[in-house]
Amino acid sequence: TNEDIIMKRRETLANMCDERARVLQDQFNVSLNHVHALSILVSTFHHGKSPSAIDQKTFEEYTERTNFERPLTSGVAYALKVPHSEREKFEKEHGWSIKKMETEDQTVVQDCVPENFDPAPTQDEYAPVIFAQETVSHIVSVDMMSGEEDRENILRARASGKGVLTSPFKLLKSNHLGVVLTFAVYDTSLVPDATEEQRIEATIGYLGASYDMPSLVEKLLHQLASKQTIAVDVYDTTNASGLIKMYGSEIGDTSEQHISSLDFGDPSRNHEMHCRFKHKL
Ligand code: WA2
C-alpha cells in the first residue's frame with residue numbers, strides 16, 4: 001500500500017542519515033585524537049628539549065606527512081602564550097612583530113593577509129602562532145587572542161584541559177564557515193588534579209586545528225553512495241534560538257526530514273545532521 005511505501009521511505013532516510021552522521025562523527029573523532037597527540041608532541045620535543053627539536057620546517061614536514069591522520073582538518077598550527085612583559089624579547093628573538101587578526105569586515109580583501117596586518121595593540125597577553133602547517137601558513141605571527149572565536153577557545157581550552165570547539169565562523173583566507181579545535185599545552189608544573197587557576201598558570205601554548213566544513217563534509221559525503229538521493233545539512237544547535245548551518249544546500253523537501261545527533265567531543269557544543277530526500281515521492 002501507499003502507507004507501506006511512505007513508511008519504508010522514512011526508514012531508508014533515517015538509516016542513511018544515521019550512517020552519514022556516524023561516519024562524520026567518527027572521522028571528526030579520529031582527527032581530534034590526532035590533534036591531541038600533536039599537542040603532546042610539541043610539549044615533548046619543543047618545550048621538553050633544549051635546544052628544541054622542532055622548528056617551523058620540521059613542524060611543516062611532520063604535519064604534512066601525517067595529514068592522513070586528520071581527515072577533516074584543513075590545517076594545524078601552534079601558538080605560544082606570551083605575557084605582555086615578554087613581548088619585546090619575544091619579537092626580538094623571532095625577528096617579527098605580533099600581528100592583530102583582521103577580518104574582512106574591517107579591511108578590503110587584498111589587505112587580509114598577515115603581511116599587511118597591523119601590530120597587535122597592547123594587551124595583557126598574546127597567542128602568536130609560531131608553527132603552522134603549510135596550508136595555514138598565513139596565520140604565522142598572528143595573535144590568535146585578537147580573534148573573538150579563537151580567543152574564547154583558547155581561554156576555555158586552557159582552563160579545562162580538554163579539546164574545545166568554536167562555534168562556526170568565517171576562517172581567515174577562506175570563503176567558508178569553519179570551526180577551530182584547540183588543545184592547551186602545559187609545562188611540567190601541572191599536577192594531575194589541577195584547578196582551573198593552576199591550569200591557566202601552567203599553560204605555555206595552544207595547538208589548534210581548523211576545519212573548513214563545506215569542503216570537508218563534501219569530500220566525506222562524496223565517498224558514500226547515494227549522494228544524488230539525499231540532501232544533508234550540518235548544524236551547530238548549541239543556541240536553541242538560532243541554529244547555525246555549517247554545511248548544506250537549499251534543495252529538497254524539508255517537510256519530510258530526519259535528524260541524527262552528532263557528537264564532536266565538546267560537551268558545551270551541540271550539533272545535528274538534518275537529512276531529506278532531494279525528490280518528492
Ligand atoms: N586557524 C586557521 N585559520 C583560522 C584560524 C585558526 N586558528 N582562526 C581564524 N582563521 C593556533 O587555537 C590555537 C587556529 C588557532 C590555534
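## A strand pair in a predicted model

Strands β13 and β14 (residues 271-277) pair in the antiparallel sense, over 6 bridges. Strands count as paired if DSSP finds at least two bridges between them. Helices (H or I, at least four residues) and strands (E, at least two) are DSSP runs, numbered from the N terminus.

Residues are numbered from 1 along each chain as its sequence is written, and side-chain values use heavy atoms, with hydrogens and water left out.

## The sheet and its helices

The pair belongs to an open sheet of 4 strands, in the order β12-β11-β14-β13, with antiparallel pairing. Its edge strands are β12 (244-247) and β13 (257-262), each pairing on one side only. From one strand to the next, the twist averages 35°.

Which strands does helix α1 lie across? Helix α1 (residues 2-47) lies across β11 (230-236), β13 and β14. Contact here means heavy atoms within 4.5 Å. Helix α1 runs at about 25° to β13. Helix α6 (residues 213-222) lies across β11 and β12, at about 55° to β12. Axes are lines fitted to C-alpha atoms, for helices over the stretch in contact, and angles run from 0 to 180 degrees between N-to-C directions.

## A disulfide between helix and sheet

The whole structure holds 1 disulfide. The cut-off is a pair of cysteine sulfur atoms within 2.5 Å. The bond joins C17 to C275, with S to S at 2.1 Å. C17 lies in helix α1 and C275 in strand β14, so the pair ties together parts 258 residues apart in sequence. The torsion about the S-S bond of C17 and C275 is about 75°, so this disulfide is right-handed.

## Around the ligand

Residues around the ligand (a heavy atom within 4 Å) include A77, I139, M144, F169, Y206 and S210. D150, L172 and T182 are also among them.

What lies 2.6 Å from a nitrogen atom of the ligand? It is a polar side-chain atom of D150. A backbone N or O atom of L172 lies 2.9 Å from a ligand nitrogen atom. An N or O atom in the side chain of T182 is 2.8 Å from a ligand oxygen atom. Taken alone, the ligand exposes 410 Å², and the protein buries 98% of that. Accessible areas come from the Shrake-Rupley method with a 1.4 Å probe.

## Two backbone details

Most residues other than glycine have a negative phi, and most peptide bonds are trans. A cis peptide bond joins S50 and P51, with omega about 0°. P51 sits in the loop between α1 and α2 (56-65). S141 is not a glycine, yet has a positive phi of about 80°. S141 lies in the loop between β5 (129-132) and β6 (142-143).

Key. Predicted model: local features only at pLDDT ≥ 70, side-chain atom pairs only at ≥ 80, totals over all residues. Polar contact = N/O pair within 3.5 Å; in protein donor to acceptor, adjacent residues only side chain to side chain.
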